[in-house]
Amino acid sequence: MHLSVYQAMNVTVKDLRQLTATYLLTHREDFLPFLVDPDTENCMTSEQYEKYCNDIVDANTWGGHVEVSALSKIFGKPIEIIQADRDITIGEELASPKLIISYHKSLYGLGAHYNSVVLAKISV
């Protein structure tokens, strides 16, 4: 399932959270191996994974690499992540113009988070 450009223009943050959680739940085998129980450092149980996905929608938790990967698949677009030490692209195999975000390990006391990036148009 890829969202069309028109559909993507009308997506709210709440919609993004719901789309992400639904995608993660329906593609559990692709993502569960990468999520661990913070207390035991073992893979999450199915119950923990379902709570994790529900928290994406209900608890306004911050997303990470797993959620960015899901969004790349949902929108059918590669997502380039600009970082201080190296840049990576998720979904490089997708033949579509890429989205660009930045990742900050620590900025303004917020902890690790992503920011939107918009390419500047420079007139001469």
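User: What share of the 124 residues of the chain counts as buried?
Analyst: This is a predicted model, where local features need pLDDT of at least 70, side-chain atom pairs count only at pLDDT 80 or more, and totals for chains, interfaces and linings use all residues. Residues are numbered from 1 along each chain as its sequence is written, and side-chain values use heavy atoms, with hydrogens and water left out. A residue is buried under 20% relative accessible area, exposed over 50% and partly exposed in between (1.4 Å probe, protein chains only). Of the 124 residues in the chain, the buried share is 30%.

User: Among contacts between residues at least 6 apart in sequence, what share joins residues at least 24 apart?
Analyst: Two residues are in contact when heavy atoms lie within 4.5 Å. Counting contacts in the chain between residues at least 6 apart in sequence, those joining residues at least 24 apart make up 35%.

User: Which residues of the largest nonpolar core touch the most other members?
Analyst: A nonpolar core is a set of buried Ala, Val, Leu, Ile, Met, Phe, Trp, Tyr and Cys residues joined through side-chain atoms within 4.5 Å. The largest one has 16 residues, and those touching the most other members are L24, F31 and Y49. Two or more residues of this core come from each of α2 (13-26), α4 (46-58) and α5. A second, separate core of five residues includes V68, I81, I90 and I101. Back in the largest core, the names you asked for are L24, F31 and Y49.

User: Which residues does F31 contact, leaving aside its neighbours within four places in sequence?
Analyst: F31 is one of the residues that touch the most other members of the largest core. With neighbours within four places in sequence set aside, its partners are Y23, L24, Y49, V66, S69 and A70.

User: Is L25 buried or partly exposed?
Analyst: L25 sits in helix α2 and touches Y49, E50 and C53, not counting residues up to four places away in sequence. Its C-alpha atom is 9.7 Å from that of Y52, 27 residues apart along the chain. The relative accessible area of L25 is 31%, so L25 is partly exposed.

User: Where is E41, and does it count as buried or exposed?
Analyst: E41 has a positive phi near 65°, although this residue is not a glycine. Most residues other than glycine have a negative phi. The place of E41 is the loop between α3 and α4. Its relative accessibility is 65%, so E41 counts as exposed.

Terms used: Helices (H or I, at least four residues) and strands (E, at least two) are DSSP runs, numbered from the N terminus.
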